[in-house]
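Hi,

Here is the structure I promised to pass on. Have a look at it first, and my notes follow below.

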Amino acid sequence: SLLLVLYSSETLIIFFTEQPRTESEWENSFTLKMFLFQFVNLNSSTFYIAFFLGRFTGHPGAYLRLINRWRLEECHPSGCLIDLCMQMGIIMVLKQTWNNFMELGYPLIQNWWTRRKLRQEYGTQGKTSFPQWEKDYNLQPMNAYGLFDEYLEMILQFGFTTIFVAAFPLAPLLALLNNIIEIRLDAYKFVTQWRRPLASRAKDIGIWYGILEGIGILSVITNAFVIAVTSDFIPRLVYAYKYGPCAGQGEAGQKCMVGYVNASLSVFLVSDFENRSEPTSNGSEFSGSPLKYCRYRDYRDPPHSAVPYGYTLQFWHVLAARLAFIIVFEHLVFCIKHLISYLIPDLPKDLRDRMRREKYLIQEMMYEAELERLQKERKERKKNGKSYHNEWP
């Protein structure tokens with residue numbers, strides 16, 4: 001919460017030093033900065049888990065350490081996708097529930113405190129004799145950025161729903177359920193807890209539309225990286241078609257994945273452990289004799305190869321397949337998006353024709369009014385005995 005307050009204060013300071021020229025520029029500048037600050041603050045953990053957690057830890061015997069002391073955090077043995085799924089579940093359930101509670105609970109508590117002070121000042125009988133307009137005035141005024149906060153909440157929810165939907169497919173359903181509940185809560189809040197807000201006209205949603213477009217593009221790229229990099233989809237696919245029992249047969253199935261776990265684990269010599277990362281036990285209590293080798297998730301050569309613990313050919317095949325999938329996936333999705341946008345225009349044809357006809361009628365009325373004005377001026381000049389050459393019409 002303190003970080004959000006600092007972000008908001010920093011945004012106001014940056015904005016007031018800019019001194020925008022018009023109110024529209026004021027709103028666009030403030031909206032963009034506030035969205036960027038909130039987006040970075042709320043999505044940094046998910047991006048870290050999806051793309052950075054466990055990527056730069058090194059391997060047994062050569063761990064990367066922070067300040068040559070602390071080992072970097074690693075993913076769960078089942079992979080980072082389950083961590084990302086749990087993070088998204090917490091955000092979509094707990095965070096949205098808390099936001100709804102605060103949005104309704106804060107004005108309820110404030111109005112209760114206001115009613116309590118009025119009872120102490122005027123008594124119960126005096127308070128009931130207030131006219132309706134005074135009762136409405138005693139409600140909480142709508143925040144100056146109330147509508148902005150509602151927009152920002154929906155845009156951030158749209159980002160959570162789309163950017164990592166490949167890791168948490170339940171996000172759209174949870175967002176729908178939350179919005180159904182929030183519609184009723186907002187209706188109750190506007191009718192019973194807030195004063196009537198002052199209405200103002202707006203041409204459209206402004207810069208929010210551009211922000212939505214940007215989130216849509218980012219979500220396509222992010223989901224491509226989640227599927228290719230975070231999940232095991234590409235390594236499993238490469239094993240099924242290149243290294244598994246069905247390699248070269250052009251088919252993939254359950255039987256083609258036999259031996260995948262063994263192929264995804266590399267061999268490490270226990271004696272190569274660093275002094276500060278040696279295991280506390282040699283494993284004799286499990287196998288009856290000290291363990292000589294252990295396995296870990298990676299594609300590296302065994303310790304007795306020409307280049308110990310170097311990347312295998314399978315690692316480069318998986319990397320190439322991941323990059324190819326990212327390029328193909330995002331181009332395919334963008335092509336489908338543009339095709340749907342072309343087939344389904346923003347305005348129906350009949351509405352576009354009515355707008356053109358309305359514009360034509362307005363121009364015709366303006367032309368006739370100007371023509372009538374000029375003819376009237378011409379008659380007045382003739383009546384006054386004045387003549388002009390090259391008059392129109």
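How far apart do the end C-alpha atoms of residues 205-229 lie, and what share of the span is helix? The ends are 36 Å apart, and the span is 92% helix and 0% strand. Helices here are DSSP runs of H or I with at least four residues, strands are runs of E with at least two, and both are numbered from the N terminus.

Before you read on: this is a predicted model, where local features need pLDDT of at least 70 and side-chain atom pairs count only at pLDDT 80 or more, while totals for chains, interfaces and linings use all residues. Residues are numbered from 1 along each chain as its sequence is written, and side-chain values use heavy atoms, with hydrogens and water left out.

Back to that span. An unreviewed UniProt entry places "transmembrane region" at residues 155-177 and 205-229; the positions are in the numbering used here, feature names are shortened, and annotations may be inferred rather than shown by experiment. For residues 155-177, the end C-alpha atoms lie 16 Å apart, with 70% helix and 0% strand.

Now the aromatics. Rings of Phe, Tyr and Trp (its six-membered ring) pair if their centres lie within 6.5 Å; planes under 30 degrees apart are stacked, over 60 edge-to-face, and the rest tilted. The count comes to 21 aromatic pairs. One of them is Phe 51 with Phe 164: the centres are 6.3 Å apart and the planes at 40 degrees, so this pair is tilted. It links distant parts of the chain, as Phe 51 is in helix H2 (residues 23-51) and Phe 164 in the loop between helix H5 (146-163) and helix H6 (171-193), 113 residues apart.

Another pair is Phe 268 and Phe 273, with centres 4.8 Å apart and planes at 65 degrees, so it is edge-to-face. Phe 268 is buried at 0% relative accessibility, and Phe 273 is buried at 16%.

Arg 236 lies over the face of Tyr 260, 5.4 Å from the ring centre, and Arg 300 over that of Tyr 311, at 4.3 Å.

Cheers

Terms used. Buried means under 20% relative accessible area, exposed over 50%, partly exposed in between (1.4 Å probe, protein chains only). A charge sits over a ring if NZ of Lys or CZ of Arg is within 6 Å of the ring centre and within 35 degrees of the ring normal.
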